[in-house]
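Please examine the pockets of the model shown below, with attention to their linings and volumes.

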Amino acid sequence: MVDIIKISDNIFEVPIGYRPGMRVPGRIFVSQELREMVEPGTIDQVANVATLPGIVKYSMAMPDAHLGYGFPIGGVAAFREEGGVISPGGVGFDINCGVRLLRSDIEAKSVQPLINTLISALFEAVPSGLGATGRLHATDQQLTEAFMAGSRWAVEEGYGFEADLAHCEENGHMAGADPSQVSVKARKRGRPQLGTLGSGNHFLEIQRVEEIFDEDVARKFGLFKGQTTIMIHCGSRGAGHQICTDHLEVLARAVRKYNIDIPDKQLACAPLGSPEARNYFGGMVCAANYAWANRHIIAHWTREVFERYFPGSNLDLVYDVAHNVAKIEEHDVDGRREQLYVHRKGATRAFGPSRREVPDAYRNVGQPVLIPGSMGTPSYVLCGNDQALDLTFGSACHGAGRVMSRSQATRMFAGKDVKAALNKYGIVVKATSPGMLAEEAPQVYKPSGDVVNVVHSLGIATKVAKLVPLGVSKG
Amino acid sequence: MPVRPNYKWMMPFEYLEHTADVKFRAYGHCPEEMLSNAAAALFKAMVDPAAINITEFWNVELEAQDLEQLAYQWLSEIVFLFETESAVFASFTVGLKQNANGTWRLEGKIGGERIDLKRHAFENEVKAVTLHQFQITKNDLWCIQVILDV
């Protein structure tokens, strides 16, 4: 059996031949310590992705890499338009699961005494958890508009401001949406859930900026030590899950039709340019736009809550990133500019100053890269570097990455103990289901600082600020 | 019905370790039983079936090219019904028919009740059924392996 090779301090290579049919090598960006935590199954998944037609350079895994389905979590792969494929296995079911960061002018010490009240108010204002339906009651027409125009639609409906749009990846609405590729079932799941947080690892968190690593960039991002920030982590809800489910079935048939040999059924795909690929992309964009609209609405309700307790609190949008999505981007490959379909599955875009996709306000430093911690552990804001373009198609990690299965977590921790332990550190948690709280105990994740340090050391993105939780509202 | 002598005892399903998601194998003496047990395994990953009263029934009709695709549709349908009907399920009856042209047809009857968060303590929320390592095998018993996205 061929083993993986250490290339440098934070880069391991999965050589061609690790498994049959690999077209390019794999690259796993981890430190020696994190390498020990990468399961063999994760390496197999990196190798599996490397067998897909039209893959460029490497099948990559970010420092938070862990076992997923199809692609590993933390997986990044880019495909040529000519001869390449698109695969829902490289996007996931929660299309455009992402993170949004709001900043306030309020010092955290003013928020701290009110934290219980604020978290309860947010818990009320933003529906979360199982079976939660929105306060929104979107009509069918509104749903179609959300699929088409994402955050832009939300702003037109009175949620948030025009200025927010420039601070969302893709301006909060991606081109190429095709609502005819959203099934009746996906609409039925998506309609009542627009404006809901969901469950699992999704959260709404009030944070304090604990440490600034780069004063200049922090100033550009509007961040300062001791400041209150709010982080929203959620995605496209049942709409995205169903769109993925529906198209996965179509693409599972397409691999037979186009004679594509795949090592795992979740890597079902279709050649770019084929009707099946076009249809999946059109549906996926609808889900991505839905997710941006969703985060926009949730941010609006969060602003309303803060306005109630801190009038004039002006929660400005720092940035909003997608960490489960496939996008058409231009990259240099062997000295030539090429249009690629970049899949990021549990990976965050980390573009540096040279990219026109970076909003004007951040153009001379790079985009904010938002890395949520797990419940109770710090989150980080980093700044994208041009160096990442060559190394990872401009991609960084998306979180800490699990090290323990959910069932193991449930056996080891009780929800109420997790809550009590967090309370001891002054972190208030409100959740709809204590069972699910145990699964998200801080101990089930890799230390977020270690993961972020690898990204920083590699020069993919540089550390700007560390944010610690004051209170969390969860599904 | 008298018990047939070769009708061996089997466990209906078992969960396997998986870092991020829920993985299970469900068994059956026939594909119908395997699919019924797979549905039970999917649901037990969310809620303790003992807490669910069967007061309502939902009927499902599905068609697919092959048994694997049909199984994927069946399990995905349960996730869809759970979410859109706000219901939890504890009984799954499956009828299968293979048509002359080779396609498969499933008629299912699902029993359960509407979600009551006071009685139904959720351990997971199944977001979707993945095709990762999805497979059906037949040796002594029928076996389906499934990984759920939670």
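By class, 11 nonpolar, 4 polar and 2 charged residues form the lining of the second largest pocket in this predicted model. Here Ala, Val, Leu, Ile, Met, Phe, Trp, Tyr, Cys and Pro count as nonpolar, Asp, Glu, Lys and Arg as charged, and the others, Gly among them, as polar. The second largest pocket has a volume of about 330 Å³. It is lined by 17 residues, of which A:G376, A:A421, A:L422, A:Y425 and A:I427 are the closest to its centre. A pocket is an open set of points on a 1 Å grid over the protein atoms alone, where a 1.4 Å probe fits, with protein on both sides within 12 Å along at least five of seven lines; lining residues have an atom within 4 Å of a point. A volume is the space filled by probe spheres set on the points, which are joined across faces, edges and corners.

At least two lining residues come from each of α13 (415-424) and β19 (461-474) of chain A; α13(A) gives the largest share, 4 residues. Helices (H or I, at least four residues) and strands (E, at least two) are DSSP runs, numbered from the N terminus.

The lining of the largest pocket draws at least two residues each from α12 (406-412) of chain A and from β1 (13-16) and β2 (22-28) of chain B.

| Pocket | Volume | Largest share of lining |
|---|---|---|
| Largest | about 380 Å³ | α12(A), 4 residues |

The lining of the largest pocket comprises 6 nonpolar, 5 polar and 9 charged residues.

Residues are numbered from 1 along each chain as its sequence is written, and chains are lettered from A and ligands numbered from 1 in the order in which they are written. In this predicted model local features need pLDDT of at least 70, side-chain atom pairs count only at pLDDT 80 or more, and totals for chains, interfaces and linings use all residues, while side-chain values use heavy atoms, with hydrogens and water left out.
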